[in-house]
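Subject: Structure for your files

Hello,

Here is the structure I said I would pass on. My notes on it follow below.

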Amino acid sequence: MSKNALVTGVTGQDGAYLVKLLLEKGYNVYGLLARRGSDSTWRLRELGVEGEVTMIDGDLTDVTSLIRAMAVSRADEVYNLGAQSFVGTSWTQPVLTAQVSGVGAINVLESIRIVNDKARFYQASTSEMFGLIQADRQDESTPFYPRSPYGVAKLMAHWATVNYRESFNLHASSGILFNHESPLRGPEFVTRKVTQAVARIKKGLQKELRLGNIDAKRDWGFAGDYVRAMWMMLQADKPDDYVIATGVTTTVRQMCELAFRHAGLNYEDYVKIDPAFFRPAEVDVLLGNPAKAKAALGWEPSTSLEELISMMVDADLRRL
Ligand code: NAP
Ligand code: F7E
């Protein structure tokens with residue numbers, strides 16, 4: 001019999017790739033749809049899976065809607081991907097971020113306990129919890145030190161996941177995912193901001209690109225690889241926490257160089273530094289060690305940053 005999965009954040013980047021993966025694996029997929037004024041299902045449409053997800057209206061801040069979603073979907077697996085996920089916005093909307101990205105996870109965990117405590121749970125945790133890094137390469141044992149309201153909210157959700165696993169014996173796993181990108185990445189995040197600008201500059205639609213701290217370093221992977229890790233965690237006999245990363249770190253500057261070069265351009269001719277894009281507190285460098293995920297789950301990334309950025313630039317050129 002095929003399994004049922006419930007995905008929150010189904011309209012986001014990871015939601016779209018995860019839906020596609022689950023459908024390929026024969027799941028009946030349900031998505032929690034937070035109603036918006038504008039069209040939010042474009043990513044599912046781009047992957048050709050929009051009509052194959054059963055949408056259930058709901059919001060992470062409304063626990064009654066989550067209980068209803070659990071009952072309607074009869075979910076065997078619940079993937080909590082919904083969040084206010086843009087770090088910059090978390091300083092201007094800290095309370096909303098805490099409610100959606102922090103308390104929202106507890107609401108999902110409670111709805112699982114109430115409706116079906118055998119359902120398996122995945123929490124979308126983040127390398128932002130490492131923030132001011134306490135070790136050169138971050139793994140599951142590295143102490144956390146979040147540097148943004150987003151990181152703080154996600155740390156609450158992470159510890160709630162661990163706590164519900166230990167308190168109520170839930171099959172609850174936390175994936176500590178480092179930055180992952182794709183052609184479906186939101187345009188506010190730096191990789192997509194850059195690849196979209198490269199395409200527009202190449203087509204003569206834009207003259208310059210304004211960025212903040214281009215000396216920041218990130219461990220960037222491909223979202224398609226990372227949703228595979230989420231699924232693998234829920235197939236394991238025992239729930240656990242896993243770092244998912246590539247093990248390579250690159251500056252924003254080098255990432256720009258790759259993107260512009262792919263279109264035959266020199267980034268130095270177009271990138272301008274704008275203080276408006278600096279953050280009140282920065283995460284200067286992130287570098288993950290995914291050894292545990294490789295050993296326990298057999299997970300490995302398959303896409304280099306150069307391949308990823310080329311894929312994103314090509315997609316943005318095509319869209320224009
Ligand atoms: P994303 O593209 O920003 O998607 C976030 C999703 O959450 C969207 O579907 C959004 O719906 C939904 N959402 C926002 N507020 C909600 C609410 N109140 N109730 C229900 N749903 C709500 O994020 P992503 O890149 O796919 O990331 C997926 C998850 O992984 C997020 O939790 C993120 O924090 C976490 N994460 C991401 C990365 C990364 O590098 N991508 C790394 C580590 C962890 P609308 O589209 O309708 O607003
Ligand atoms: O910034 C620097 C910025 O916004 C990356 C989210 O998915 O990954 C993401 O969070 C770096 C930062 O991602 C601009 O200061 C410079 O150092 O693409 P980003 P993020 O903040 O790392 C983690 C793992 C998550 O969990 C989050 O949900 O790039 N940067 N100039 C800039 N960033 C942006 N957005 N815009 C700029 O102009």
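This is a predicted model: local features need pLDDT of at least 70, side-chain atom pairs count only at pLDDT 80 or more; totals for chains, interfaces and linings use all residues.

Ligand 1

The ligand has 26 residues around it, and those that come nearest are T11, D14, S85, Y150 and K154. A polar backbone atom of A83 is 3.1 Å from an oxygen atom of the ligand, and a backbone N or O atom of L60 lies 3.0 Å from a ligand nitrogen atom. Taken alone, ligand 1 exposes 900 Å², of which the protein buries 88%.

As for secondary structure, at least two residues of the shell come from each of α1 (13–24), β5 (120–126) and α6 (149–168). Strand β5 gives the most, with three residues.

Nonpolar core

The largest nonpolar core has 62 residues. Within this core, the residues with the most contacts are L18, L22, Y79, Y122, V194, I244 and F260. Helix α8 (residues 223–235) gives the most to the core, with nine residues. Both domain 1 (4–180 + 221–244) and domain 2 (186–218 + 249–285 + 304–319) contribute to this core, each with at least three residues. In general, nonpolar side chains in soluble globular proteins tend to be buried together.

Regards

Definitions and conventions:
Residues are numbered from 1 along each chain as its sequence is written. Chains are lettered from A and ligands numbered from 1 in the order in which they are written. Side-chain values use heavy atoms; hydrogens and water are left out. A residue is near a molecule or strand if one of its heavy atoms lies within 4 Å of it. A polar contact is a pair of N or O atoms within 3.5 Å; within protein, one must be able to donate a hydrogen and the other to accept it, and residues adjacent in sequence count only if both atoms are side-chain atoms. Accessible areas come from the Shrake-Rupley method with a 1.4 Å probe; for residues, only the protein chains shown count as cover. Helices (H or I, at least four residues) and strands (E, at least two) are DSSP runs, numbered from the N terminus. A nonpolar core is a set of buried Ala, Val, Leu, Ile, Met, Phe, Trp, Tyr and Cys residues joined through side-chain atoms within 4.5 Å. Buried means under 20% relative accessible area, exposed over 50%, partly exposed in between (1.4 Å probe, protein chains only). Domain bounds come from an automatic or database domain assignment.
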